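Keep the 3D view open while reading.

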Amino acid sequence: MSVEVLINEVGPRDGLQNQQKILSVDEKHSLISAIANAGVKSVEVGAFVSPKAVPAMAGTDSLVKKIKDSSLQYSVLIPNMKGFELAYESGARRLNLVVASSNTMNEKNIRMNTEAAMKTCIEVIECAGKQEDAVNIQAYVATAWECPFEGKMPQDKILELTARLIDAGVSKVVLADTVGGANPQDTKSLMDFLVSKFGNEILSCHFHDTRAMGLANIYAALTSGIREFDASIAGLGGCPFSPGASGNVATEDVVMMLHQMGYKTGINLEKLLQASDLAMELTGSAPGGRAKLWLKNYLNKNYDDRSKI
Ligand code: COA
Ligand code: ZN
């Protein structure tokens with residue numbers, strides 16, 4: 001039986017937050033519907049952050065209201081208690097906190113140092129536990145390999161942040177290569193280290209393709225036992241607060257690689273390519289997966305043997 005890998009689509013949040021063109025709520029909704037229609041089960045749809053800091057994420061409350069009755073497992077990013085309150089009020093029950101590995105990155109991103117960001121995470125988790133409805137909280141450890149301001153990050157620092165988040169009660173910690181600074185060797189080294197401490201099930205990975213190592217890093221993390229990955233439709237992405245970061249690894253490339261290696265994702269690649277086309281059309285600037293041309297040719301030729309995709 002083939003092993004399952006869960007893809008968490010982050011294009012509507014991580015991808016769109018950095019695009020020049022700001023999509024309307026309806027446009028975001030159509031993109032999310034196309035992604036869900038391809039069989040993607042988990043999508044980060046937006047963020048409850050300051051609209052002054054990230055104008056593209058305005059309207060996340062209206063978006064959540066539009067999708068909250070669907071079967072989609074959707075989540076939203078929240079940076080602080082206000083984000084938690086707004087998200088809970090909108091009806092969102094899967095929330096993603098974020099703490100970066102360095103003081104400089106945390107200051108640039110959420111205007112707190114690392115200790116304050118961690119304290120905020122713990123307060124939000126405690127508050128979430130007291131609500132009437134169950135709330136699922138995941139946390140991102142951003143710049144887990146490299147910070148654009150402070151350079152390579154020591155593994156012990158990442159271990160400490162991960163351990164504190166798990167102790168506080170998050171359901172998952174996502175190790176994020178926010179700037180695309182990881183390489184497969186460093187990915188394997190960090191993920192082996194963390195898996196040896198916490199097991200594989202509570203960990204997930206998020207890679208940017210800035211230096212064309214996104215897929216290689218996913219492969220490296222797979223060999224450490226990681227079975228959940230973020231990816232972004234059409235390779236949309238980049239963080240407004242980390243100079244030089246380009247898009248996330250494209251969902252269509254990740255899914256193609258996983259299927260060719262015999263993993264199961266439950267995603268239909270033909271439909272995923274339609275969602276990727278839509279992302280390119282709506283934004284006008286999404287790069288598209290690097291294998292997209294090959295994939296389209298392959299699908300159009302209607303080969304008998306489709307076992308490879
Ligand atoms: N959602 C919406 N508005 C928020 C908010 C949230 N989660 N948190 C604070 N605000 C508002 C405040 O109400 C205040 O509004 P006002 O100017 O109209 O009074 C304003 O933002 C400033 O509030 P303050 O608490 O002083 O925040 P800040 O200026 O220190 O900024 C953040 C902190 C976290 C709100 C801001 O840096 C941010 O939104 N960062 C986004 C980071 C991000 O999305 N990064 C990419 C993904 S990792
Ligand atoms: Zn990212």
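Q: Which element gives the largest share of the shell around ligand 1?
A: This is a predicted model. In it, 18 residues surround ligand 1. Two elements give two or more residues to that shell, helix H5 (103–110) and helix H4 (81–90). The largest share, 3 residues, comes from H4.

Q: What is the distance from a polar side-chain atom of Arg111 to an oxygen atom of ligand 1?
A: Start with the lysines. Lys52 has a side-chain N or O atom 2.8 Å from an oxygen atom of ligand 1. For Lys82, a polar side-chain atom also lies 2.8 Å from a ligand 1 oxygen. For Arg111, the value is 3.0 Å.

Q: How much of the area that ligand 1 exposes when taken alone does the protein bury?
A: Ligand 1 sits in the largest pocket. Taken alone, ligand 1 exposes 930 Å². Of that, the protein buries 68%.

Q: Which residues coordinate the zinc ion (ligand 2)?
A: The donor spacing in sequence is D-x191-H-x1-H. The donors lie at 2.0 to 2.1 Å from the zinc ion. They are Asp14 (OD), His206 (NE2) and His208 (NE2).

Q: How many residues apart are Asp14 and His206?
A: Asp14 is in helix H1 (residues 11–15). His206 is in strand E9 (residues 203–207). The pair links distant parts of the chain, and the separation is 192 residues.

How values were computed. Residues are numbered from 1 along each chain as its sequence is written. Chains are lettered from A and ligands numbered from 1 in the order in which they are written. This is a predicted model: local features need pLDDT of at least 70, side-chain atom pairs count only at pLDDT 80 or more; totals for chains, interfaces and linings use all residues. Side-chain values use heavy atoms; hydrogens and water are left out. A residue is near a molecule or strand if one of its heavy atoms lies within 4 Å of it. A polar contact is a pair of N or O atoms within 3.5 Å; within protein, one must be able to donate a hydrogen and the other to accept it, and residues adjacent in sequence count only if both atoms are side-chain atoms. Accessible areas come from the Shrake-Rupley method with a 1.4 Å probe; for residues, only the protein chains shown count as cover. On a 1 Å grid over the protein atoms alone, a cavity is a set of points where a 1.4 Å probe fits but cannot get out, and a pocket is an open set with protein on both sides within 12 Å along at least five of seven lines; lining residues have an atom within 4 Å of a point. A molecule sits in a cavity or pocket if more than half of its atoms lie within 2 Å of its grid points. Helices (H or I, at least four residues) and strands (E, at least two) are DSSP runs, numbered from the N terminus. Donors are N, O and S atoms within 2.8 Å of the metal (3.2 Å for Na, K and Ca); water is not among the atoms, so sites may look incomplete.
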